[in-house]
Amino acid sequence: MKTIFSGIQPSGTLTLGNYLGALKHFVDLQNDYNCYFCVVDEHAITVPQDRLQLRENIRSLAALYIASGIDVSKSTLFIQSEVPEHTQLGWMLQCVSYIGELERMTQFKDKSQGGKEGVTSGLLTYPPLMAADILLYKTDIVPVGEDQKQHLELTRNLAQRFNNKYNDIFTVPEVSIPKVGARIMSLQEPTNKMSKSDANQKAFISMLDDEKKILKKVKSAVTDSEGVVKYDKENKPGVANLLTIYSICSGISVEDLEEKYQNTGYGVFKEDVAQAVIATLKPIQERYDQLIQSDELDDMLDQGANHASFQANKMLKKAKKAMGLGRVR
Ligand code: TYM
């Protein structure tokens, strides 16, 4: 059975983009693959975090994984910082990464635009840690949204470089990006991706937004003055984004939706988009409310960390041996 690994940062409540681009696909994959899903809290601290808020976000993300359908009897769900092998291998992979290639990562470039003085070195060395997450588990496939493609390319390069230089121990992973929904866009600036760290709350739908909020946000989504519901990413990015969201949430094809709304204008269309999103998120929110109160969640995470650590330790030992670290006994 092939192995899958993916991670999500607990840096705020997940957005509809995280769900449609990543989480939703994880649920479908767990029947056919050996899956590891991670709350990557060590990635979250590359930018400032409030201590108590981070703790809350970690638990909340774990609950959202399960509420969305991750089943711990099939998949391993765990918190990154509870499996120390991640930072250990992360350090070793930093020592095979070049500063030049890390500085070329678009995410680093975006986040360090205001100058490098106020940016942590963790933001620069984030991709080797991500590579460690993946390579510890002999991962074959990494399902992610479009924005992680470059990090995955670097992971593949680091794995190959390590294998050539030291010993052939790492599986070189493939990336898997969904055909539809790999880049859900901001509701306010539909040429930018929907992001949980957007300062404008109206730009994203959180997975825990209530019906009223979802309706309000969809209704105020930026479109255009044409009044025609048509998928044209270049000229009508706002409408194209809403069509993508509606299509994935309802299971109706974009073509059928274009036909259905050809004479209605944006008012009715937006109302129906909102209802499709509400219908998708409501059952998840109900399960989430039960889980977040329970001890059951902690038991699941303990079990996940134990299993992940057992597997990760085997690979870490191989990597240390390949690099000549420690002693032979
Ligand atoms: P993160 O936490 O930013 O996002 C988690 C997942 O959601 C996807 N995603 C989106 N998909 C579609 N439309 C959007 N607007 C959108 N926004 C986010 C992301 O592509 C991702 O799949 N570096 C990673 C976390 C990570 C990781 C890993 C992922 C750490 N280690 C190992 C895979 C494997 C990140 O910051 O994702």
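## A tour of the helix packing and the cores

Select helix H1 (residues 16-29) and H11: their axes come within 12 Å and cross at roughly 50°. Axes here are lines fitted to C-alpha atoms, for helices over the stretch in contact, and angles run from 0 to 180 degrees between N-to-C directions. Helices (H or I, at least four residues) and strands (E, at least two) are DSSP runs, numbered from the N terminus. H1 and H11 are therefore oblique to each other. Angles under 35 degrees count as roughly parallel, over 145 as roughly antiparallel, 65 to 115 as roughly perpendicular and the rest as oblique.

This is a predicted model: local features need pLDDT of at least 70, side-chain atom pairs count only at pLDDT 80 or more, and totals for chains, interfaces and linings use all residues. Residues are numbered from 1 along each chain as its sequence is written, and side-chain values use heavy atoms, leaving out hydrogens and water.

Stay on this pair. H1 passes H11 in a left-handed crossing: the near helix is turned anticlockwise from the far one by less than a right angle (clockwise would be right-handed). Show Leu-16, Leu-20 and Lys-24 on H1, then Ile-245, Ile-248 and Cys-249 on H11; these make the contact. Contact means heavy atoms within 4.5 Å. By class, five are nonpolar, none polar and one charged. Ala, Val, Leu, Ile, Met, Phe, Trp, Tyr, Cys and Pro count as nonpolar, Asp, Glu, Lys and Arg as charged, and the others, Gly among them, as polar.

**Next: H11 and H13**

The crossing of H11 past H13 is left-handed. From H11, select Val-239, Leu-242, Leu-243, Ile-245, Tyr-246 and Cys-249. They meet Tyr-266, Phe-269, Lys-270, Asp-272, Val-273, Ala-276, Val-277 and Thr-280 in H13. This contact has eleven nonpolar, one polar and two charged residues.

Now pick Asn-241, in helix H11 (residues 237-250). Asn-241 is buried, with a relative accessible area of 4%. Buried means under 20% relative accessible area, exposed over 50%, partly exposed in between (1.4 Å probe, protein chains only). Leaving aside neighbours within four places in sequence, Asn-241 contacts Ile-184, Met-185, Ser-186 and Leu-187.

**Next: the cores**

A nonpolar core is a set of buried Ala, Val, Leu, Ile, Met, Phe, Trp, Tyr and Cys residues joined through side-chain atoms within 4.5 Å. The largest has 61 residues; Tyr-65, Ile-245 and Val-277 touch the most other members. Helix H13 (residues 266-292) gives the most to this core, with eleven residues. Centre on Tyr-65. Among the residues it touches, beyond four places in sequence, are Leu-23, Phe-26, Phe-37, Ile-70 and Leu-77. A second, separate core of 39 residues includes Met-92, Ala-132, Tyr-137 and Leu-316.

**Next: H4 and H14**

Select helix H4 (residues 85-94) and helix H14 (residues 296-323). Their axes come within 10 Å and cross at roughly 25°. H4 and H14 are therefore roughly parallel to each other. Their crossing is left-handed. H4 brings Glu-85, Gln-88, Leu-89 and Met-92; H14 brings Ser-309, Ala-312, Asn-313, Leu-316, Ala-319, Lys-320 and Met-323. The contact divides into six nonpolar, three polar and two charged residues.

**Last stop: Lys-138**

Lys-138 sits in the loop between helix H8 (126-135) and strand E4 (141-143). Its phi is near 50°, a positive value in a residue other than glycine. Most residues other than glycine have a negative phi. At 46% relative accessibility, Lys-138 counts as partly exposed.
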